[in-house]
Amino acid sequence: MPWCPVCKNEYKEGVTVCADCGETLVASLGERKEVLLCSGEEALILRMQKFMEYNDIPVIFEHEDEEACLYVLPKHERKAKQAVRVFLVESALKEEAQNQEDDLICADAADGEESEEEAEDRPDAEDGENDLRAPSGVYRKKSERADDLRSSGEVLLVFGILGCIAMILIDFGILPIRFGNRIMMNVIMFALFLFFIGFGVYSLKDARKSRAEASDEDKLTEQIHTWVKEHLTAELVDEASGLEEEDADEIRFFKRTEVIKKKITAEFQEAEEAYLDNLAETVYQELFE
C-alpha cells in the first residue's frame with residue numbers, strides 16, 4: 001500500500017499523490033526521502049517545528065537515539081535552513097531580553113518594589129513567541145527577476161495586440177461573432193486589451209532596468225567570491241565564530257554565516273539582507289561542505 005512520506009498517511013492502491021500535502025506517495029515509509037534539518041533538545045525542536053509549520057514549511061518530528069529530530073523534504077531544505085536561522089536569531093534575542101528582565105527584577109528586589117510606570121515599560125517575556133517572524137524567503141537574483149518581467153511583458157503585449165486585432169476584425173464582420181451591445185462590448189474589450197498592452201510595455205521597461213541592476217549585482221558577486229577565495233578560510237571563520245564543542249550543527253551554521261556576512265559587509269558596500277543571506281550560505285557551502 002502506498003504511503004505519504006510527509007503526512008504518514010496510508011492510501012489505497014492506484015493513488016500516487018497525497019490529498020493533504022500533494023507529495024508523491026512511496027511504496028513504504030522505509031523509502032525515506034527527507035533530510036535531517038536539525039536535532040537537539042526536545043523542547044527547542046518542538047518550538048522550531050511550530051515555527052516551521054506557522055510559515056508553511058512541512059517538517060517531520062521524530063525521536064532518534066533519545067534526541068528530537070526535524071526532517072524536511074529536499075525541495076524545502078533551503079527555505080527551511082533560512083527559517084532555522086531566523087528562529088535562532090529570534091530565540092537569542094528573546095533569551096537576551098529575558099536575562100535583562102531578570103537583572104531588572106534582581107535590582108528591584110534589592111531596591112524595593114518597582115514602580116508602576118517601570119512595570120509597564122518592562123518587556124513581557126511571554127510575548128517572545130509572538131516576536132517570531134517568517135523568513136523573507138529564498139533570495140531571487142535580479143537577473144531572474146528581469147527574465148520574469150520580460151516574459152510577462154511579452155505575453156501581455158502579444159495578447160493585448162492580438163485582442164485589439166480580433167475586435168477590429170469582428171467590427172468589420174470578418175470574424176462571425178456577434179455581441180448584444182456592440183458599443184459597450186467594444187469599449188470594455190478595447191479598454192482591457194489596451195491595459196494589457198500598457199502593462200506589457202511597462203513590464204518590458206522594468207525588465208530592462210532590472211537587467212542593468214542584475215549586471216551590477218553579478219559583477220559585485222564575482223568580486224566578492226574572488227575576495228573570499230583570497231582572504232577567507234574555514235579556519236579563519238571558525239576562529240572568529242567563537243564555536244563551542246557542544247554547539248549543534250545548526251548553531252555552528254548560524255555562527256559561521258554571521259561571521260561571513262560581517263566580513264563581506266566590512267569589505268564591500270552595504271547590500272540588502274536577503275542578498276547577504278544567500279551569498280553567505282553559498283560561501284558556507286564552499287568552505288565547509
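This is a predicted model: local features need pLDDT of at least 70, side-chain atom pairs count only at pLDDT 80 or more; totals for chains, interfaces and linings use all residues.
This passage describes the fold of a single chain and the surroundings of selected residues within it.

The chain comprises eight helices and three strands. Read from the N terminus, these elements follow the order β-α-β-β-α-α-α-α-α-α-α. Of the 289 residues in the chain, 33% are buried. When contacts between residues at least 6 apart in sequence are considered, 61% of them join residues at least 24 apart.

In the segment that precedes β1 (35-40), attention falls on Leu25. The relative accessible area of Leu25 is 12%, and this residue is therefore classed as buried, the limit for that class being under 20%. Val15 lies ten residues from Leu25 along the chain, and the C-alpha atoms of the two are separated by 7.8 Å.

Helix α4 spans residues 142-171 and includes Gly163. Gly163 has a relative accessible area of 7% and is accordingly buried. Between Gly163 and Leu192 the C-alpha to C-alpha distance is 8.9 Å, although 29 residues separate the two in sequence.

Helix α5 covers residues 182-231, and several of its residues were examined in turn. Ile183 belongs to this helix. With a relative accessible area of 65%, Ile183 is exposed, because values over 50% define that class. The C-alpha atom of Ile183 is placed 9.8 Å from that of Asp171, a residue twelve positions away along the chain.

Asn186 is likewise part of α5. In contrast to the exposed Ile183, Asn186 is buried, its relative accessible area being 15%. Once residues up to four places away in sequence are set aside, Asn186 touches Met167, Asp171 and Ala191.

Glu217 and Ser143 are 74 residues apart in sequence, yet their C-alpha atoms are 8.6 Å apart in space.

Thr221 is also located in helix α5. The side chain of Thr221 is joined to that of Tyr275 by a polar contact of 2.7 Å. When neighbours within four places in sequence are left aside, the residues in contact with Thr221 are Tyr275 and Leu279. Tyr275 is therefore a partner of Thr221 in the polar contact as well as under the contact cut-off of heavy atoms within 4.5 Å.

Helix α6 is formed by residues 234-241 and helix α7 by residues 249-267; the two pack at an angle of about 105°, and their axes are 9 Å apart. An angle from 65 to 115 degrees counts as roughly perpendicular, and α6 and α7 are therefore roughly perpendicular to each other. On the α6 side, the contact is made by Val237, Asp238, Ala240 and Ser241. The residues contributed by α7 are Lys255, Arg256, Val259 and Ile260. By residue class, the contact of α6 with α7 consists of four nonpolar, one polar and three charged residues.

Conventions
Residues are numbered from 1 along each chain as its sequence is written. Side-chain values use heavy atoms; hydrogens and water are left out. Axes are lines fitted to C-alpha atoms, for helices over the stretch in contact, and angles run from 0 to 180 degrees between N-to-C directions. Helices (H or I, at least four residues) and strands (E, at least two) are DSSP runs, numbered from the N terminus. Angles under 35 degrees count as roughly parallel, over 145 as roughly antiparallel, 65 to 115 as roughly perpendicular and the rest as oblique. Ala, Val, Leu, Ile, Met, Phe, Trp, Tyr, Cys and Pro count as nonpolar, Asp, Glu, Lys and Arg as charged, and the others, Gly among them, as polar. Buried means under 20% relative accessible area, exposed over 50%, partly exposed in between (1.4 Å probe, protein chains only). A polar contact is a pair of N or O atoms within 3.5 Å; within protein, one must be able to donate a hydrogen and the other to accept it, and residues adjacent in sequence count only if both atoms are side-chain atoms.
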